[in-house]
Amino acid sequence: MTSLFEYAPAPESRSIVDVAPSYGLFVDGEFVDGSGTPLKTVNPATEEVLSEVATATDADVDRAVRAARRAFTRVWGPMRPADRGKYLFRIARLLQERAREFAVLESLDNGKPIRESRDVDVPLAAAHFFYHAGWADKLDWAGLGPGPKPLGVAGQVIPWNFPLLMLAWKIAPALATGNTVVLKPAETTPLTALLFAEVCRQADLPPGVVNIVTGAGDTGRAVVEHEDVDKVAFTGSTEVGRAIARAVAGTAKLLTLELGGKAANIVFDDAPIDQAVEGIVQGIFFNQGHVCCAGSRLLVQESVHDEVLASLQRRIGTLRLGDPLDKNTDIGAINSHAQLARIRELVDTGEAEGASKWQPACELPERGYWYPPTVFTDVSPAHRIARDEVFGPVLSVLTFRTPDEAVAKANNTTYGLSAGIWTEKGSRILAVADRLRAGVVWANSFNEFDPTSPFGGYKQSGYGREGGRHGLAAYLREADK
């Protein structure tokens with residue numbers, strides 16, 4: 001894509017990371033062999049095989065759950081809450097100390113730009129451990145009932161779009177509330193979770209408190225369905241979330257699901273256009289659109305539609321697509337060949353249904369999985385690209401005339417994870433936000449996260465909350481239960 005300035009390459013060095021040729025499972029404080037067929041994890045920017053990673057079978061998962069149960073019963077559960085907090089503080093500091101290493105490894109394994117992994121993913125992951133460390137000895141005052149108690153063993157399954165950050169979202173509150181963990185990372189992005197296992201050992205975390213079992217869908221199923229798991233937490237697709245809900249139904253397991261989204265980013269006629277355009281770009285092209293709360297539906301008031309669209313296209317033309325390890329890169333690689341195929345299929349469907357596709361002049365690298373930023377206009381709510389989660393750098397633009405119409409179109413979705421509002425009127429922000437069926441509503445901003453703020457959705461975006469005081473409740477029970 002074109003730019004007013006020519007940038008010299010500014011690649012981050014790979015030498016900070018020592019990627020092993022193979023990795024085992026992390027069970028009971030040790031790396032052990034897996035019984036299944038190993039998986040290869042690939043750099044999506046180059047298609048280079050980074051490492052071979054063990055696959056956990058049902059027997060391996062059982063071993064991990066038994067280790068977690070022993071640690072909960074003998075060590076972690078009886079431990080003084082203040083001492084548990086010390087371990088979380090230690091993990092948070094180690095994440096900060098090894099931040100560059102984690103950032104480079106995340107970009108290699110995931111494909112996201114280094115400036116995002118360096119400036120967002122890793123700092124936020126550390127912040128979640130710092131935040132929850134502070135809660136460890138204050139749960140009696142969290143407003144969650146007198147003397148709340150941990151549940152026991154938490155089985156957690158995380159996605160590939162924010163591997164380290166989603167790990168922190170899951171593990172930090174579980175440990176702070178006195179639970180132990182068996183976590184399954186996504187099969188395409190396991191490396192930062194395995195590096196985190198090294199951090200657990202470096203922090204002298206008692207064996208069995210955190211266990212990491214790698215593998216594909218069958219490994220995740222084994223974690224979810226294990227009879228000695230007390231709590232299941234899942235972030236991922238709505239389809240898999242439904243299957244997990246069916247598996248857990250009728251058991252004593254507690255469940256939280258954070259699933260897909262099709263967020264509306266609403267721009268009113270009095271919005272600061274330049275600021276709104278930056279928010280639109282942040283909302284849909286951050287992490288290549290691999291964001292469950294991405295602002296993938298842009299709702300623009302008719303009177304400013306042409307101005308917003310022209311400004312947006314100019315701004316997209318300055319984005320830089322390419323090497324994720326280059327500090328100047330704005331848009332990195334699509335995470336996998338399978339995800340790239342889904343994006344292409346939905347874009348082809350959008351064109352076939354009559355929407356108008358626009359893409360900037362963009363030269364894609366010859367190797368790797370790449371897709372240019374894409375904007376669809378002439379979109380109706382009936383179009384599939386306005387209904388289905390693309391999970392890629394694809395924006396659908398719709399228009400509205402009145403606030404009532406904006407709210408109706410924003411809520412016309414099976415999802416309900418997030419939304420954005422752009423206007424200079426505070427009264428309009430409050431009035432519209434109150435009517436949006438979305439778990440998170442950003443005002444004159446988008447994709448802003450903080451560990452103190454609960455995150456979650458409605459409808460097919462899942463249920464339960466993560467982060468903040470509300471996120472603690474998912475890992476606690478009342479003292480007499």
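Of the contacts in the protein with a separation of 6 or more, 75% join residues 24 or more positions apart, a contact being defined as heavy atoms within 4.5 Å. The structure is a predicted model, in which local features need pLDDT of at least 70 and side-chain atom pairs count only at pLDDT 80 or more, while totals for chains, interfaces and linings use all residues. Residues are numbered from 1 along each chain as its sequence is written, and side-chain values use heavy atoms, with hydrogens and water left out.

The protein contains 15 helices and 20 strands; these are DSSP runs numbered from the N terminus, with helices (H or I) of at least four residues and strands (E) of at least two. With a radius of gyration of 22 Å, close to the 23 Å given by the globule rule for 481 residues, the protein is as compact as a globular protein of that length. The radius is taken over C-alpha atoms, and the rule is 2.2 Å times the number of residues to the power 0.38. Along the principal axes, the C-alpha atoms fill a box of roughly 65 × 50 × 35 Å.

Buried residues make up 58% of the 481 residues of the protein. Buried denotes under 20% relative accessible area, exposed over 50%, and partly exposed in between (1.4 Å probe, protein chains only). The protein exposes about 18,600 Å², of which carbon and sulfur atoms supply 50%; areas come from the Shrake-Rupley method with a 1.4 Å probe, and for residues only the protein chains shown count as cover. There are 50 positive and 60 negative side chains, and the centres of the two sets are 5 Å apart. Lys and Arg count as positive and Asp and Glu as negative, without His and the chain ends; each charge is placed at NZ of Lys, CZ of Arg, CG of Asp or CD of Glu.

Helix H1 spans residues 58–76, and its buried residues are Asp60, Val61, Ala64, Val65, Ala67, Ala68, Ala71, Phe72 and Trp76. These residues cover an arc of only 155° around the axis and therefore lie on the same side of H1, the arc being that of the directions from the helix axis to the C-beta atoms. Exposed residues Ala59, Thr73 and Arg74 are carried on the face of H1 turned away from the buried side.

Phenylalanine 391 is located in the loop between helix H12 (384–387) and strand E16 (394–400) and is buried, at a relative accessible area of 15%. Beyond residues up to four places away in sequence, phenylalanine 391 touches Trp160, Asn161, Gly289, His290, Val291, Cys292, Gln339 and Ile343. Asparagine 161 is 230 residues from phenylalanine 391 along the chain, with 9.5 Å between their C-alpha atoms.

Glutamate 48 belongs to strand E5 (residues 48–53) and is partly exposed, at 29% relative accessibility. Its contacts, not counting residues up to four places away in sequence, are Arg14, Thr41, Val42 and Asn43.

Most residues other than glycine have a negative phi. Aspartate 28 has a positive phi, near 55°; this residue lies in the loop between strands E2 (25–27) and E3 (30–32) and is partly exposed, with a relative accessible area of 30%. Aspartate 378 likewise has a positive phi, of about 55°. Aspartate 378 is in the loop between strand E15 (374–377) and H12, and is exposed at 55% relative accessible area.
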